Amino acid sequence: MQNVTVVYEAMNAMVNFETMKSQQVIVTGGAGYIGSHTVVELVGAGFEPIIVDNFSNSHPRVLDGLERILNRKIQLFDVDCCDESALNGVFESCLKRGNITGVIHFAAFKAVGESTAEPLKYFSNNIGSTAALLATMHRHGVGSFVFSSSCTVYGQPEQIPVDETAPFLPAESPYGYTKQACERLISDAHSAHAELNVTLLRYFNPIGAHPSGDIGELPLGHPNNLIPFLTQATAGLRDPLTVFGNDYPTPDGTCVRDYIHVIDLARAHVAALNWLKDQNHACEALNLGTGNGSSVLQVIEAFESANGISVPHTIGPRRPGDVTAIFADAKKAKDLLGWECEHSLQEALKDSWNWQKKLEQTS
């Protein structure tokens with residue numbers, strides 16, 4: 001196991017170091033897009049995040065951005081989450097320093113299009129890492145587990161907005177199937193192990209960036225999500241954005257999604273972790289979204305309005321694996337966690353463009 005332990009520097013004045021040591025939170029994929037924003041929110045809430053990431057789907061420069069925002073370094077273990085032996089070493093190292101409050105599991109491949117081309121890669125990594133992590137948690141008696149799931153578990157829902165009682169319909173992509181399979185795996189582990197408390201957080205479509213512009217979505221290679229391709233196309237770094245299909249049964253013919261600011265999403269993970277502290281053998285699935293759907297063309301228009309710049313785009317054929325429309329009923333998250341979205345679509349798109357401009361300045 002390659003163990004990269006980062007030495008602690010000055011802490012934020014508002015955070016007590018000894019308290020944080022007893023509230024360590026293992027964050028797999030913590031150098032990724034959602035993971036890095038959650039690390040920021042965890043520190044702000046008094047937790048001590050421990051990043052586990054092998055940078056297979058992230059970039060080490062994210063750590064520099066975190067350090068600028070937090071004015072300190074975060075401990076990192078360079079580990080493949082499919083490697084149970086390496087994970088065991090991570091847990092042993094953390095337990096020597098204090099308690100492990102819980103685990104937030106982000107580490108997964110997540111591109112719908114790529115998963116249709118490379119399904120074995122997705123099955124092996126996404127399901128395998130979850131199984132290894134659950135086994136390691138059980139071995140060390142760590143009971144609180146926040147799982148990064150997705151609205152793709154619903155397939156093409158029969159009605160929208162979709163709530164957590166909606167059945168799992170056939171997945172539209174191998175990626176969606178891995179999230180369904182992981183949820184089943186976690187649910188079965190919960191049934192078998194009395195100490196395991198779980199929240200299954202079903203994301204809708206995360207966008208945006210930290211308002212500082214120091215961290216944001218940084219896809220490796222060709223972007224698979226709408227917003228990074230949109231910002232790169234607008235910056236002239238790529239060909240015009242391709243809108244995949246304009247013949248769907250939606251008001252303007254383009255796919256409809258529920259776009260949630262990544263900071264709102266990150267704060268939901270902290271709320272879920274706090275909620276789990278007081279539970280006794282709980283397992284709850286929660287939608288995380290705004291409750292509003294926006295089409296691809298509406299997002300383009302909102303981006304142009306928020307930033308005063310035109311988005312070059314063309315219409316192309318449909319993309320395999322895309323559902324027509326989906327947006328959330330997020331009432332359960334509000335009732336259970338006291339959480340709801342605070343940021344608008346325009347704010348998220350403004351932060352995304354600010355992140356893109358800062359990337360160009362520092363590259």
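Before we zoom in, a quick word on terms: buried means under 20% relative accessible area, exposed means over 50%, and partly exposed lies in between (1.4 Å probe, protein chains only). This is a predicted model, in which local features need pLDDT of at least 70 and side-chain atom pairs count only at pLDDT 80 or more, while totals for chains, interfaces and linings use all residues. Residues are numbered from 1 along each chain as its sequence is written, and side-chain values use heavy atoms, with hydrogens and water left out.

**View 1. K334 pairs with E340 in a salt bridge.** A salt bridge here is a side-chain nitrogen of Lys or Arg within 4 Å of a carboxyl oxygen of Asp or Glu. For K334 and E340, the closest N and O atoms are 3.6 Å apart. K334 is partly exposed at 44% relative accessibility, and E340 is partly exposed with a relative accessible area of 44%.

**View 2. E67 and K73 meet through their side chains.** Their salt bridge spans 3.0 Å from N to O. You will find E67 partly exposed at 23% and K73 partly exposed at 29%.

**View 3. E183 and R202 form a buried salt bridge.** The closest N and O atoms of E183 and R202 sit 2.7 Å apart. E183 belongs to helix α7 (residues 174-192) and R202 to strand β6 (residues 197-203), so this pair ties together parts 19 residues apart in sequence. Helices (H or I, at least four residues) and strands (E, at least two) are DSSP runs, numbered from the N terminus. The relative accessible area is 4% for E183 and 5% for R202.

**View 4. Salt bridges link E41, R267 and E342 in a network.** The structure holds 15 salt bridges.
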